[in-house]
Amino acid sequence: MRVGDKNLRPIWQDEETGAVKVIDQRHLPHRFVVEELESVESVVAAIREMRVRGAPLIGVTGAYGVYLAAREARGAPEDGFRRLCNRIKAARPTAVNLSWAVNRVLEKTAPLTDPGKRLETAGAEAAAIAEEEAENCRRIGMHGLPIIREVMARKRSGPVNILTHCNAGWLACIEYGTATAPIYAAHDAGMDVHVWVDETRPLNQGARLTAWELGAYGVKHTVITDNAGGHLMQHGEVDMVIVGTDRTTGTGDVANKIGTYLKALAARDNGIPFYVALPSTTFDWRLEDGLREIPIEERDADEVRYVYGSDGGVGRRVLVPPAASPCANYAFDVTPARLVTGFITERGVCGASRDAIKGLFPEKFES
Ligand code: MRU
């Protein structure tokens, strides 16, 4: 995506050296740091420590991880390669894109016995997944745009106010983002859009990343505390909500960043449409009950305990609660399908039910 005079992606492979490079998102927006992923271990660490994050990007990083696994396992027994791939899949549990992407590259490469051919195929497949995710997000923007247009037509005056949670922008994907794709499309079409950006504690992906992305692209936005959304909805300041997701069941239950469920409840209480934007790679077609079946990641309590920020250009980590207070860090929650107005996918928009999802993706439900 355009940032100043540059076109950036969160992950890329150096054309000459083959090196896999990522933007280390922990330092944004105050420092722009690029890191090379040199090994499977560095891929696992990058995903775990959230240098890269967001469901589609975790998937693409995992796919490049298989490429690095093929390089590391050259000449080693076959189960060594598979063990490395399993390590990558276990790096974070909630986003289904990770295991999906690793499995896809694994299936393509496992039958190849020539190490050079395996390496080449793994790199090509990872690159193909990245391009497909970029295209998925472009199409999500195309299909989401008419929804924003409709809201604008109904509203007649003033900007369309869209609330979003966490970062489901290009930093979390490859291009455009999922939740942000319709917003960027509306902005490109000259429409007046304004985004309420939930700060998204504890790691502040909204305040740090979404605000940075939108600002760099020239989209009007305001960062709010995580608890402000309900108040704004009650006062007519939110026209619609669009969020991303890390895993959505074939029946329409949505796992996304912790706090999404509360936004969906407030939206329903105030009659505000609540949309979830996702590529088909984020559906877990096998699952039927999101609350029981989607694994919810619990992360280090220190992420709750400390807040990071910039102090005149110097990164600072500050303790907030009493040092002795226990903290808990649930990273995701599940919004039941009944609270979701619709899904914006690369194939179009559908309701949040098994039948509606099946209408767009019939082949996924064939047994
Ligand atoms: O913990 P994170 O930052 O990886 O969580 C990301 C989200 O919750 C996003 O909303 C989700 O991955 C969708 S990304 C298009």
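A: We begin with a term: a polar contact is a pair of N or O atoms within 3.5 Å; within protein, one must be able to donate a hydrogen and the other to accept it, and residues adjacent in sequence count only if both atoms are side-chain atoms. This is a predicted model, in which local features need pLDDT of at least 70 and side-chain atom pairs count only at pLDDT 80 or more, while totals for chains, interfaces and linings use all residues. Residues are numbered from 1 along each chain as its sequence is written, and side-chain values use heavy atoms, with hydrogens and water left out.

Q: Which elements each supply at least two residues of the shell around the ligand?

A: Helices (H or I, at least four residues) and strands (E, at least two) are DSSP runs, numbered from the N terminus. Here α2 (55-72) and β11 (254-257) each give at least two shell residues.

Q: Why does the ligand lie between domain 1 and domain 2?

A: Domain bounds come from an automatic or database domain assignment. Domain 1 (2-132) and domain 2 (140-365) both contribute residues to the shell, so the ligand lies between them.

Q: What does Thr 251 contact through its side chain?

A: Thr 251 belongs to the loop between β10 (247-249) and β11. Its side chain makes a polar contact of 2.8 Å with that of Thr 249, and also reaches the backbone oxygen of Glu 288 at 2.7 Å.

Q: Where are cis peptide bonds found?

A: Most residues other than glycine have a negative phi, and most peptide bonds are trans. A cis bond joins Leu 28 to Pro 29, with omega about 10°; Pro 29 is in the loop between β4 (20-23) and β5 (34-37). Another cis bond runs from Arg 201 to Pro 202, its omega near 10°.

Q: What is the phi of Cys 166?

A: Phi is near 60° at Cys 166, a positive value in a residue other than glycine. Cys 166 lies in the loop between β6 (160-164) and α6 (181-188).
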